[in-house]
Amino acid sequence: MKLSTKIFSILGVSYFITAIFVSTGIYFSSRGEIEKQIGAKQHQTAKSSLSHIDSFLYERFSNLKAFSYREQVREHFLGQTSLEHTSVLLKEFEDLKVIYPVWKELALIDVNGKEILSANSQNIGKNLLEDPLYKPLFKKALSGETVYSDVFISEKLGNVPTMVFMSPVRDKSAGGKVIGVVEGHIDWAKIIELLGDISDEEGETHIFNKEGFEIASNHKDAYKYILKRNRKDAPYIKESFSGKEDTEVYKSIDYKENALISHVLEQGRLSYKGNGWIFVVENPTRIVFAPAFRLAFYVFLITIFAATILTFVSVFFLKRIGVNRLIALTNVANLIAGGELEKKADDSSPDELGQLAKAFNEMTDKLKQSSQILEQEVKNKTKELEEIIKGTEEKNAFLEDTKRAVINILEDSRELENNLQKFQLAAESAYEHIIITDEKGVIIYANSAVARTTGYTREEVLGKTPALWSGNMPKDYYEKMWDTIKTKKIAFDGEIKNKRKNGEEYVAEISISPILDENKNIKFYVGLERDVTKERNLTEELRKEKEGVEQKVKERTLELTKAHIKLTASISSLAVGFIMTDRENNIVVINQAARNILCASSASPLATIQGCTLQHIEDELKGAINLRTLINQSVKERKPILVKEFPFQSRFLKIVITPITELADVLGCVVLVDDITEEKILDRSKDEFFSIASHELRTPLTAIRGNTSLIKQYYGDTIKGNKDLEEMIDDIYSSSVRLIEIVNDFLSVSRLEQGKMEFKLENFDISELINKEIEEVGGMAKEKGLSVSFQKEELDGFRIYADKDRLGEVILNLLGNAIKYTEKGSITINISQANGFVKVSFADTGRGIPAEQQNLLFRKFQQTGESILTRDTTKGTGLGLYISKLMIDNMGGKIQLENSSVGNGSVFSFTIPVAKKEV
């Protein structure tokens, strides 16, 4: 080894060791700083998450308390009830559960603990005082305080975890005396979902009660540990009980590794004081401290690079100072080695190098003496060397061939990669559902057709086994399948019954092939599945149709024989009342529903078939309507008569009278009687619900939007620079605006469907309205770099008869949709007039709509896109075109999609009547 090489090696090793020490020190110092920063952030996340849950439960606390103040609730406890009142109150229970799905069950409890009204009829009559879990809470509520429990397992709800809230109901006329209690159970599954929504994506969150039992977690097995796993002896739980909130490294709750754990104690919110819960957030240290390791690694690389440069510089200066003399001595040695034995080294220096040169010269003299002997040996060695060179050349040729082979392998690898991409493209485009599993049957790949066949998304099936949707076949079927693919290692083809995510069963043809390596070991399985349910059903139907033609002929004869019996049975089973009269107005057929509706008491003549006459029915109606007169009118005019509604006792009825005709003769009449009381109650409930939506949702949302706008206006300079805070405020503002739009859409749909939206029709020039709406969306189009142009045949003459405000909403919606779904290009508006209508069309250069999805347009809650079951990035409600269609229809026009194709844009249009001539 050369001296310079040795020096270089020594310096290099020294610098390498230095780099290790430096990077290690940086790792531990940066780890401490990262632990401090991430710990602070994680601690804040834990506090805000627990505060969010407390706010959520405070809202439920307030919901139940507000409900207990309802006048209908107080009247129910005071005995002021009726069938309609009870139905309305039960409907309000259901509405409250719809508005706030977290409510599992709601009930009214009298002062004796007896359940007198419940959304679950099976619980009516039960006594809470018999259950030790409810008794103390109920007594506290009777004292006049709105109370709540900790999480517990309720047998009443089917042994599921829940929280119960109770709020007293007072009699205002009796000095505020408590006359009952409103009880509500929380669906704890919603709290688990809420915890998963607000938790850190990379960590796990847990909630423990004051006894140390786990009551919630975002872990996949959260329900497995509720009120079963106790962590009261864990150090972070003990610290929380003592009032200390901190973030430190402890043993992970679920895994055998260390984790950075933050723990905070519940503080409650306003009148909701909480239950002393402990909120824990944990992140594995291998994830938390990964940045510190990367930083240390980069520092190590940089230090090694700097050490290499420094080593070269050091060697350079050493060569200049003393190594050159050694190099000169080496050159002389090389010349002597080349046969010039007369060369001498400079031995004039008295130092060690001079002594070395002198000894070298003496050695040269001795070499000179033995050169002749060596010459012969050199010849011999030369011959051997030639043979070695020849072998080396052969090896070089072999290496060259190897190099070419490696290049070919690399080219084959690239080709394989291209083929793999082609396979993936083909698999994604395939109609059949394709999955790939590992040797244990765990799914590692699934194409897009899996979602269409099974109902499960790609994300839901990855990491699972096909048992997620299979398992409906006999045990020996699966044993045969596994024996074929796993033991015999050959493909298995067959037909199987599976079940979709929504529970629907289907029949599929499957083909499962094992993929083997070079040692015939199974590496993974490839499975193909094709839904053949419709094919099998069609085949079976055709077979049965073919085999049963003669049988159907016989059965048809029998059906004609039994027609009268079946008709009578059908009439008897009708939910509506059915009465048939002859020419003399005698009742020949009356079903049980008609007797139930029109019979006032069991003593009525209608209670028996023999006593049913038209006169008896009119006596029961007591003049509400004159049924005989209406029947005679229907027979005389030979057309149906409808009485939409009329009061009867405590109900509302609807009657349809239709004459039975045969050619020119009238054989009698059919009278249909329908009890529409529930529909009237439902209409009233719907009106109240949308009133709640208007006042209870739109008002606070408007306040949120206004306050957020004021924060941005007056405190913009204060929060400027705090990116996270600015994003949160912008999100709050945009979300409140979108929620207001959604509420407005729901209210518009309700008013339109119920015919309660007023249309103020007038004559006006539609061109001015279009120009106004183009200015309205100008900013949105400019942000996306789109142009909006308006073309018309002439300057004036496009006056129409419509509601200007409603038509403006339609134009704005069509323009907004065109801009949303157009990434580049333009939107063109054309206007023309023909056949008494003005036509306005909107053409864009956007993404277009697939032909198979165009029939979804103008339907409620429907959008087109990659999936009609999800909302795209426009965040729409699927109501815009539906509302536009209802408005255009009410103004006497028509709205439609004229044409559209994927990638080439779309053309929407509507027509509206031209203006009426002014008198």
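**Close-up 1. Charged side-chain ends over aromatic rings in the predicted model.** In this predicted model, the ring of Phe56 has the charged end of Arg60 sitting over it, 4.6 Å from the ring centre.

Close-up 2. Tyr477 and Tyr478 are both buried. A single aromatic cluster is formed by Phe61, Trp103, Tyr148, Phe165 and Tyr272.

**Close-up 3. The open antiparallel sheet containing β15, β16 and β17.** Five strands make up this open sheet, and their order is β14-β13-β17-β16-β15, with antiparallel pairing. From one strand to the next, the twist averages 30°.

Close-up 4. Strands β15 and β16 (residues 505-516) run antiparallel and are joined by eight bridges. Helix α14, which spans residues 475-487, packs on the sheet and touches β15, β16 and β17 (522-531). The direction of α14 makes about 140° with that of β15. Helix α15 (residues 533-547) also packs on the sheet, in contact with β15, β16 and β17. Between the directions of α15 and β16 the angle is about 125°.

**Close-up 5. The hairpin of β15 and β16.** Five residues lie between β15 and β16 in this hairpin. Within the turn, Gly503 has a positive phi of about 90°. Across the paired strands, Asn498 has Tyr506 of β16 as its bridge partner, and Lys499 stands opposite Glu505 in β16.

**Close-up 6. The hairpin of β16 and β17.** Nine bridges connect these two strands, which run antiparallel. Pro514 has its bridge partner in β17, namely Tyr525. The hairpin has five residues between its strands, and Lys520 in the turn has a positive phi of about 65°.

Close-up 7. Another open sheet is formed by five strands in the order β24-β26-β27-β29-β28, and its pairing is mixed. Strands β24 (787-792) and β28 (894-901) stand at the edges; each has a single partner strand, so one side of each is left without a neighbour in the sheet. The twist from one strand to the next averages 15°. Strand β27 (residues 837-844) pairs with strand β29 (residues 905-913) in the antiparallel sense, over seven bridges. In this pairing, Ser841 is opposite Ser909 of β29. Helix α26 packs on the sheet and touches β24, β26 (826-834), β27, β28 and β29. The direction of α26 makes about 175° with that of β29.

**Close-up 8. The largest nonpolar core and the surroundings of Phe910.** This core comprises 44 residues, and those with the most contacts inside it are Ile766, Ile770, Leu807, Val840 and Phe910. Helix α26 (residues 804-820) contributes the most to the core, giving seven residues. Beyond the residues up to four places away in sequence, Phe910 touches Ile766, Leu807, Val810, Ile811, Leu814, Val838, Lys839, Val840, Phe842, Ile888, Lys894 and Ile895. Another core, of 42 residues, lies apart from this one and includes Val182, Ile191, Ile192 and Ile226.

Close-up 9. Ser767 is located in helix α24, which covers residues 766-776. The relative accessibility of Ser767 is 3%, and this residue therefore counts as buried, the cut-off being under 20%. Apart from neighbours within four places in sequence, the contacts of Ser767 are Phe790, Lys792, Phe798 and Ile831.

Methods
Residues are numbered from 1 along each chain as its sequence is written. This is a predicted model: local features need pLDDT of at least 70, side-chain atom pairs count only at pLDDT 80 or more; totals for chains, interfaces and linings use all residues. Side-chain values use heavy atoms; hydrogens and water are left out. A nonpolar core is a set of buried Ala, Val, Leu, Ile, Met, Phe, Trp, Tyr and Cys residues joined through side-chain atoms within 4.5 Å. Buried means under 20% relative accessible area, exposed over 50%, partly exposed in between (1.4 Å probe, protein chains only). Helices (H or I, at least four residues) and strands (E, at least two) are DSSP runs, numbered from the N terminus. Contact means heavy atoms within 4.5 Å. Two strands pair if DSSP finds at least two bridges between them. Axes are lines fitted to C-alpha atoms, for helices over the stretch in contact, and angles run from 0 to 180 degrees between N-to-C directions. Rings of Phe, Tyr and Trp (its six-membered ring) pair if their centres lie within 6.5 Å; planes under 30 degrees apart count as stacked, over 60 as edge-to-face and the rest as tilted. A charge sits over a ring if NZ of Lys or CZ of Arg is within 6 Å of the ring centre and within 35 degrees of the ring normal.
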